[in-house]
Amino acid sequence: MKIYIRPYQTEDTQAILDIINHNILNSTALYDYKIRSYEQQKAILEEKISKNFPVIVAELGGNVAGFGMYSEFRFREAYKFTVEHSVYVNENFHGQGIGKLLLQELITLAKQQKLHTMIAVIDSENQGSVEFHEKFGFKTVGIIKESGYKFNRWLHSVFMQLILE
Ligand SMILES: CC(C)(COP(=O)(O)OP(=O)(O)OC[C@H]1O[C@@H](n2cnc3c(N)ncnc32)[C@H](O)[C@@H]1OP(=O)(O)O)[C@@H](O)C(=O)NCCC(=O)NCCS
């Protein structure tokens with residue numbers, strides 16, 4: 001089935017929320033404890049778009065199977081050429097090349113926006129995401145040990161970086 005990568009529309013919010021909340025409850029991919037409401041998630045996405053950052057979705061057979069976005073890495077002005085991104089694919093659709101299409105598109109958009117570098121902040125238990133990013137040339141540039149605490153254990157944040165040409 002063909003996968004379409006396109007910009008986010010409001011109608012995609014519920015599918016994105018379902019993916020996010022599943023990961024909050026079942027994984028360390030997100031460091032939140034509490035699931036989000038529809039309105040909270042919609043506001044998060046709209047804020048990014050209002051700042052001219054992209055939010056994209058992967059559509060498969062009429063369903064949103066994944067999404068990706070980036071926004072400020074940190075807020076001080078000199079960080080303005082650096083963004084932190086995220087890519088999430090519904091677990092029923094892992095391993096079908098959807099994440100790859102999403103991250104490829106985010107890299108293309110970041111280059112078009114004349115950004116300089118992209119950062120992924122990945123929980124160290126999420127080795128799959130580390131290997132996924134390595135396929136795109138991201139390098140591990142640091143590990144912030146015991147920076148998160150969830151499910152009664154300390155979590156370590158792996159910072160991976162891609163310098164854009
Ligand atoms: C990480 C994630 C986005 C990958 O999406 P996906 O659609 O399953 O990945 P793809 O099928 O597009 O795989 C692309 C490449 O990454 C590799 N890859 C993907 N998942 C992998 C895993 N768990 N372990 C090792 N390699 C992996 C694939 O083998 C593939 O390599 P290839 O191009 O040489 O064939 C997805 O597993 C996910 O949503 N995870 C939960 C959320 C998350 O961790 N997001 C990242 C935080 S920024």
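Predicted model: local features only at pLDDT ≥ 70, side-chain atom pairs only at ≥ 80, totals over all residues.
**Notebook: sheet, core, ligand shell**

Residues are numbered from 1 along each chain as its sequence is written.

I take helices (H or I, at least four residues) and strands (E, at least two) as DSSP runs, numbered from the N terminus. Two strands pair if DSSP finds at least two bridges between them.

**Sheet**

I followed strand 3 to strand 4: they run antiparallel and are joined by 7 bridges. Helix 3 packs on the sheet, where it touches strand 1, strand 2, strand 3, strand 4 and strand 5. Its direction makes about 30° with that of strand 3 (axes are lines fitted to C-alpha atoms, for helices over the stretch in contact, and angles run from 0 to 180 degrees between N-to-C directions).

I then traced the whole sheet, which is open, has 7 strands in the order 1-2-3-4-5-7-6, and is mixed in its pairing. Strand 1 (3–7) and strand 6 stand at the edges with a single partner strand each, so one side of each has no neighbour in the sheet.

**Core**

Which residues touch the most other members of the largest nonpolar core? I found Ile 56, Phe 67 and Leu 102, in a core of 32 residues. Such a core is a set of buried Ala, Val, Leu, Ile, Met, Phe, Trp, Tyr and Cys residues joined through C-beta atoms within 7 Å. A residue is buried if 20 or more other C-beta atoms lie within 10 Å of its own, exposed if 12 or fewer, and partly exposed in between, with C-beta atoms placed from the backbone.

**Ligand**

I counted 21 residues around the ligand (C-beta atom, placed from the backbone, within 6 Å of it). The closest are His 94, Gly 99, Lys 100, Gly 128 and Glu 131. Strand 4 (82–89), helix 3 (98–112), strand 5 (117–123) and helix 4 (127–134) each give at least two residues to this shell.

**Positive phi**

Lys 114 is in the loop between helix 3 and strand 5, and is exposed, with 8 other C-beta atoms within 10 Å. Asn 152 also has a positive phi, near 60°. Asn 152 lies in the loop between strand 6 (139–150) and strand 7, and is exposed, with 5 other C-beta atoms within 10 Å.

Methods. Contact = placed C-beta atoms within 7 Å.
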